[in-house]
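Hi,

Here is the structure I said I would pass on.

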Amino acid sequence: MPTPRLFDWPQRLLKHAHTSFVQLPDGRVELEVRHNTLKHVTPDMLAWWFSVYPFQKVTHEDATFQAFLLWHLRDHIAITPSDPQREAPQKPGDRFVIEEAFACIPRYRGTEHVTVSQCDSSVYAVSIHRLGILVAALRYDFQAADTGTDVVTRLWIGAERGPFRSLVNNWIVSVFFDTSRSEAWMQHNVEEVGNLDMFLPDLYAKRAEGAIIQIKNLPAP
């Protein structure tokens, strides 16, 4: 197992968030996850993380690996910037390839080519296209709360416009994002966001170390 799996912190459960699954009038599906407040993470930390995570590496006990693997200890497999010469920070228009498996289930393992559409102090958003058609969009909204930072994740599946929108949406939703896969994604996202409380404060405090950050035993919450 890769080194990140050595960190054995508790995972949030689906019941630790407010979730919804809605079929929109245009045939798209909207999944929303309103996470419990992150108690150790600030909006500035999240803005930094979203700007660097496809490029950031960490070193632990003489092993160097992608910080992306810390974001989900089980489901994340790899992330690769499409332009190997690109460096942090990310900006709209940047692209990367992501490989992950929701709930670590083989049939939910996939590789996606992702485009950054927004990356700023309160929003991080990406999109996925097929044959030039937008077929999925993911957005994180985050803001300061009394006891930490509140995060809302929204995922839209399907084409928003186009002459064959209804046909495309019915096919995409039924084939690629049925109810069980949607539940697996929501559980994945709840765990993913919850994990930020476990490692991001330490990484952010050491961000001056640059593209490779040395970490030790990350503290329990």
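Where does Phe-68 lie? Phe-68 is in helix α2, residues 68-71; helices (H or I, at least four residues) and strands (E, at least two) are DSSP runs numbered from the N terminus. Before going on, two notes on the source: this is a predicted model, where local features need pLDDT of at least 70, side-chain atom pairs count only at pLDDT 80 or more, and totals for chains, interfaces and linings use all residues. Residues are numbered from 1 along each chain as its sequence is written, and side-chain values use heavy atoms, with hydrogens and water left out.

Back to Phe-68: its relative accessibility is 0%, so it counts as buried (under 20% relative accessible area, with exposed over 50% and partly exposed in between, using a 1.4 Å probe and protein chains only). Leaving aside neighbours within four places in sequence, Phe-68 is in contact with Trp-49, Tyr-53, His-76, Ile-77, Ala-78, Ile-79, Ile-98 and Glu-99, where contact means heavy atoms within 4.5 Å. Its C-alpha atom is separated by 8.0 Å from that of Lys-57, eleven residues apart along the chain.

Beyond its neighbours within four places in sequence, it touches Tyr-53, Pro-54, Gln-66, Phe-68, Phe-96, Val-97 and Ile-98. From Ile-79 to Met-45 is 34 residues in sequence and 20 Å in space, C-alpha to C-alpha.

Met-45 brings us to α1. Nine of the ten residues of α1 are buried, so this helix is largely enclosed by the rest of the structure. Among the buried ones are Pro-43, Trp-48, Phe-50 and Val-52.

How does α1 meet α4 (residues 179-205)? Their axes come within 10 Å and cross at roughly 85° (axes are lines fitted to C-alpha atoms, for helices over the stretch in contact, and angles run from 0 to 180 degrees between N-to-C directions). That makes α1 roughly perpendicular to α4; the label covers 65 to 115 degrees, while under 35 counts as roughly parallel, over 145 as roughly antiparallel and the rest as oblique. On the α1 side the contact is made by Asp-44, Met-45, Leu-46, Trp-48 and Trp-49, and on the α4 side by Leu-196, Phe-199, Leu-200, Pro-201, Leu-203 and Tyr-204.

Last, two glutamines. Gln-56 is in the loop between α1 (43-52) and β3 (57-60), and it is buried, with a relative accessible area of 5%. Its side chain reaches the backbone oxygen of Gly-210 at 2.9 Å, and a polar atom of that side chain lies 3.1 Å from the backbone oxygen of Ala-211. These are polar contacts: pairs of N or O atoms within 3.5 Å where, within protein, one must be able to donate a hydrogen and the other to accept it, and residues adjacent in sequence count only if both atoms are side-chain atoms. Gln-187 is in helix α4, and a polar atom of its side chain lies 3.2 Å from the backbone nitrogen of Leu-14.

Cheers
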